[in-house]
Amino acid sequence: MPEPILKIRGLNAFYGDFQALYGVDMDVAEGEVLAIIGANGAGKTTLMRSITGLLSNGPGQIAYHNEDIGGFRADEVAMRGLAMVPEGRQLFPSLSVRENLMIGAQVGRKGPWDLRAVYQLFPILEERKDQASTSLSGGQQQMVAIGRALMSNPDLILFDEISLGLAPIIIKGIYDALPGIIGDGMSAIIVEQDISKALAVSSRVYCLQEGRVSLEGKADTVSREDISRAYFGIE
């Protein structure tokens with residue numbers, strides 16, 4: 001496997017006195033699509049928040065391009081080329097579609113993603129560019145959230161529950177767009193409840209169970225029995 005661009009070693013994460021992650025080890029290679037699966041409360045969103053600096057963690061636990069980013073703020077992490085499409089989309093309701101997209105560009109990184117590229121990927125957003133973002137359907141709002149992340153021109157993009165609450169036809173459209181998003185060598189981490197979809201688009205998969213890695217392997221070789229044991233903690 002190529003040299004990892006993201007290295008996680010012994011990651012522990014806390015909310016106050018509550019520990020949510022226990023010694024998580026994980027790698028993401030350049031151009032790799034990694035799937036993270038697990039039941040509700042397994043620690044998937046906590047992992048995403050830790051990587052992107054939304055949840056503070058200690059030094060020496062997360063390295064990106066061989067730089068220790070463990071103590072960095074979220075904006076400092078974004079400036080180094082990580083972006084997240086958060087669970088629930090978290091758009092700014094007072095801003096238009098275009099204005100929400102432009103927030104991603106404030107990072108100031110150079111790259112292929114600008115308004116024109118995002119509109120080519122999701123043409124409906126150009127049609128609705130002057131509308132309030134929250135007036136859109138759930139699927140269209142997810143497109144805005146993805147476009148906003150892409151506008152920062154990341155090297156690694158994180159999708160937290162990419163299909164949550166969306167109709168199957170909308171989910172299919174978003175997954176159909178993925179090759180156009182990551183086809184230029186961008187790396188991706190996809191947190192997904194739909195295990196079949198997660199395995200179909202990823203090269204490797206990690207399963208979290210109660211804050212610990214319970215399974216790691218190639219997406220095309222792990223068995224359903226292995227996943228069931230790791231997912232539910234069945235011995």
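Two strands are taken to pair if DSSP finds at least two bridges between them. Helices (H or I, at least four residues) and strands (E, at least two) are DSSP runs, numbered from the N terminus. The structure described here is a predicted model, in which local features need pLDDT of at least 70 and side-chain atom pairs count only at pLDDT 80 or more, while totals for chains, interfaces and linings use all residues. Residues are numbered from 1 along each chain as its sequence is written, and side-chain values use heavy atoms, with hydrogens and water left out.

Strand β4 (residues 62-64) and β5 run antiparallel and are joined by two bridges; within β5, Asp-68 stands opposite Ala-63. The loop between β4 and β5 contains His-65. This residue has a positive phi of about 50° although it is not a glycine. Most residues other than glycine have a negative phi. His-65 is partly exposed, with a relative accessible area of 43%; residues are called buried under 20% relative accessible area, exposed over 50% and partly exposed in between (1.4 Å probe, protein chains only).

Contact here means heavy atoms within 4.5 Å. Axes are lines fitted to C-alpha atoms, for helices over the stretch in contact, and angles run from 0 to 180 degrees between N-to-C directions. Six of the eight residues of α1 are buried, and the helix is thus mostly covered. The buried residues are Lys-44, Thr-46, Leu-47, Met-48, Ser-50 and Ile-51. After α1 comes Gly-53, with a positive phi near 85°.

A second open sheet is described next. Six strands form this sheet in the order β6-β7-β8-β3-β9-β10, and the pairing is mixed. The edge strands are β6 (82-85) and β10 (212-218), each of which pairs on one side only. From one strand to the next, the twist averages 15°. Four bridges join β6 to strand β7 (residues 156-160), and the two run parallel; Leu-82 has Leu-156 as its bridge partner in β7. Helix α6 packs on the sheet, touching β6 and β7, and its direction makes about 175° with that of β6. Helix α7 (residues 168-182) lies across β3 (33-37), β7 and β8 (187-191), running at about 155° to β8.

In the loop between β2 and β3 is Glu-32, which is buried, with a relative accessible area of 7%. Its C-alpha atom is separated by 6.4 Å from that of Ala-188, although the two residues are 156 residues apart along the chain.

Strand β9 (residues 204-209) is largely enclosed by the rest of the structure, because five of its six residues are buried. On one side, β3 and β9 pair in the parallel sense over four bridges, and Arg-204 in β9 is the bridge partner of Leu-34. The pairing of β9 with β10 is antiparallel and extends over six bridges, with Cys-207 opposite Leu-215 in β10. These two strands, β9 and β10, form a hairpin with two residues between them. Glu-210, in the turn, has a positive phi of about 55°. Glu-210 is exposed, with a relative accessible area of 55%.

The buried residues of helix α3 (residues 97-105) are Val-97, Asn-100, Leu-101 and Gly-104. They lie on the same side of α3, because they cover an arc of only 100° around the axis; the arc is that of the directions from the helix axis to the C-beta atoms. An α-helix has 3.6 residues a turn, so residues three or four places apart point the same way. What covers the buried residues of α3 includes α4 (115-121), α5 (123-127) and α6 (138-150).

Among side-chain arrangements, Arg-212 lies over the face of Tyr-22, at 4.0 Å from the ring centre. A charge is taken to sit over a ring if NZ of Lys or CZ of Arg is within 6 Å of the ring centre and within 35 degrees of the ring normal.
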